[in-house]
Amino acid sequence: MKTKSIIVTIIVFVFPFLGNACSMYKITKNGRTFVGNNEDFLSPNNQFWFEEAGDKKFGVMYMGRINNFAQGAINDAGLVFDGFANSKLPVTNTEGKIKTSIVKALRNIMQSMASVEEVKQYLETIDLSFLSSSMLVFVDKSGTYLIAEGDVLILGDESEKSFSNFYYSQINALEEVDIPRFQKGLKFLAATEGKASLDYCSQVMNNMKTENSEVTATQFSTIYDLTSLKIRVYLYTDFTKYIELDLKKELEKGNHKTMMIDLFDKTEKSIAHDHFSKYNNKSHPVLFLKEKMNPEQYSEEELKNKGVNWGINVIGYEWLKDKKDPDTAIKVFTYGIQLMPNDYDLYDSLGEAYFDKKDWNNSIKNYAKSLVLNPENNNAIQKISACKKHRNTSNKKNKK
């Protein structure tokens, strides 16, 4: 059975809470392909990690959260991918298909494949149930792209193509897409002549970004030259500053990781460093959320409709599992319960934070409250039993 923290990680990728979103653009001209990508999310704790080829075909640069769940990647064959949270789209073509996880499937693709045709052939053999609420987009050096919408695999080779949190198979025209930032980007594209360059792709992604005034903002943007394997990186909606990475040179360093924030000069004041500091404030871990949306002004139902319960879980579990700091996680979940006192899942989360702290009594207390609100919460039943066993063991040791 998956632990709750793993489930939260997966939902981060496939559940569009608080406007969780992405944008992507590709252009191919004169034999060269460039790709731009925006990652919109709550947390600024993002990193790049590099895996040299070793006994595989290709080295890879992954990008994503500090829990090592990749949101995108590029390999040294010039294949790139990004993932998009979307609405529910049933996956039914699963009979006889290979069952695997999205993590393993993506790692296999990025380490062993150079073209989207190869990716399509591979995905046709896989049970793609993990794409029932999301899609993947791949682009290779030739400029050909593949959209994986669960059962639907779409190949294309238009010179320009834009992607966001919608299914191409479910629309008749881009004008139907009700995503303001995407429509703003389309207007820019219509008013300008497309150029296959890092600069032009950067301008496109600047027009498709989610502003930093939103709770969920564009945390980072990556612009790829799939021929030279140069990668331009922007941080937290700020397109006035960037750094450039050379994938080949990075892979020559061997396997390594780097936090994105550490690539940018900390001596220069920036909105990115300011947001990073506020988000990672142990004393006030929900301060940034209060400043962005003032949650107290909304009813519990309104907060749930906005996905704030999921947002609290994401923030809390980052402190709990990734930073190994249950005390700060307890602050986050307690704040969430103050806002949404009838949310059984937040009590379950608080129970897990106390469980990791080995505070068995408070863990039982919160799991029990979760059970009152949802008698079918089997996780709480199992954890209460585990708490009692741990408590009994501790009491026996203390008596000796």
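Trainee: Starting with Lys282: what does it count as at its relative accessibility?
Mentor: At 48%, Lys282 counts as partly exposed. Buried is under 20% relative accessible area, exposed is over 50%, and partly exposed is in between, with a 1.4 Å probe and protein chains only.

Trainee: What sort of model is this?
Mentor: It is a predicted model, in which local features need pLDDT of at least 70, side-chain atom pairs count only at pLDDT 80 or more, and totals for chains, interfaces and linings use all residues. Residues are numbered from 1 along each chain as its sequence is written, and side-chain values use heavy atoms, leaving out hydrogens and water.

Trainee: Back to Lys282. Which side chain does it meet in a salt bridge?
Mentor: That of Asp325, with 3.3 Å from N to O. The pair joins distant parts of the chain, 43 residues apart: Asp325 is in the loop between α10 (308-322) and α11 (326-339), and Lys282 is in the loop between α7 (271-279) and α8 (287-293). A salt bridge here is a side-chain nitrogen of Lys or Arg within 4 Å of a carboxyl oxygen of Asp or Glu.

Trainee: And Asp325, buried or exposed?
Mentor: Asp325 is buried, because its relative accessible area is 11%.

Trainee: How many salt bridges does the whole structure have?
Mentor: The search finds 19. One of them is between Arg181 and Asp40, whose closest N and O atoms are 3.8 Å apart.

Trainee: How are the helices and strands assigned?
Mentor: They are DSSP runs numbered from the N terminus: H or I with at least four residues for helices, E with at least two for strands.

Trainee: What about Lys161, which partner does it have?
Mentor: Glu158, in a salt bridge of 3.2 Å from N to O. Lys161 counts as buried at 14% relative accessibility, while Glu158 is partly exposed at 34%.

Trainee: Which residues are linked in a network of salt bridges?
Mentor: Asp199, Arg232 and Glu244.

Trainee: Changing topic: how many disulfides are there?
Mentor: Zero, where a disulfide is a pair of cysteine sulfur atoms within 2.5 Å. For Cys22, the nearest cysteine sulfur is that of Cys201, 16 Å away.

Trainee: Last one, strand β7. How many of its residues are buried?
Mentor: Six of six, in residues 134-139. Ser134, Leu136 and Phe138 point one way, and Met135, Val137 and Val139 the other.

Trainee: Which strands does β7 pair with?
Mentor: Strand β6 (residues 80-85) runs antiparallel to β7, with six bridges joining them, and strand β8 (residues 145-149) is also antiparallel to β7, with four bridges. Pairing requires at least two DSSP bridges between two strands. Ser134 in β7 stands opposite Ala85, and Val137 has Ile147 in β8 as its bridge partner.

Trainee: What do β7 and β8 form?
Mentor: A hairpin, with five residues between the strands. Gly143 in the turn has a positive phi of about 100°.
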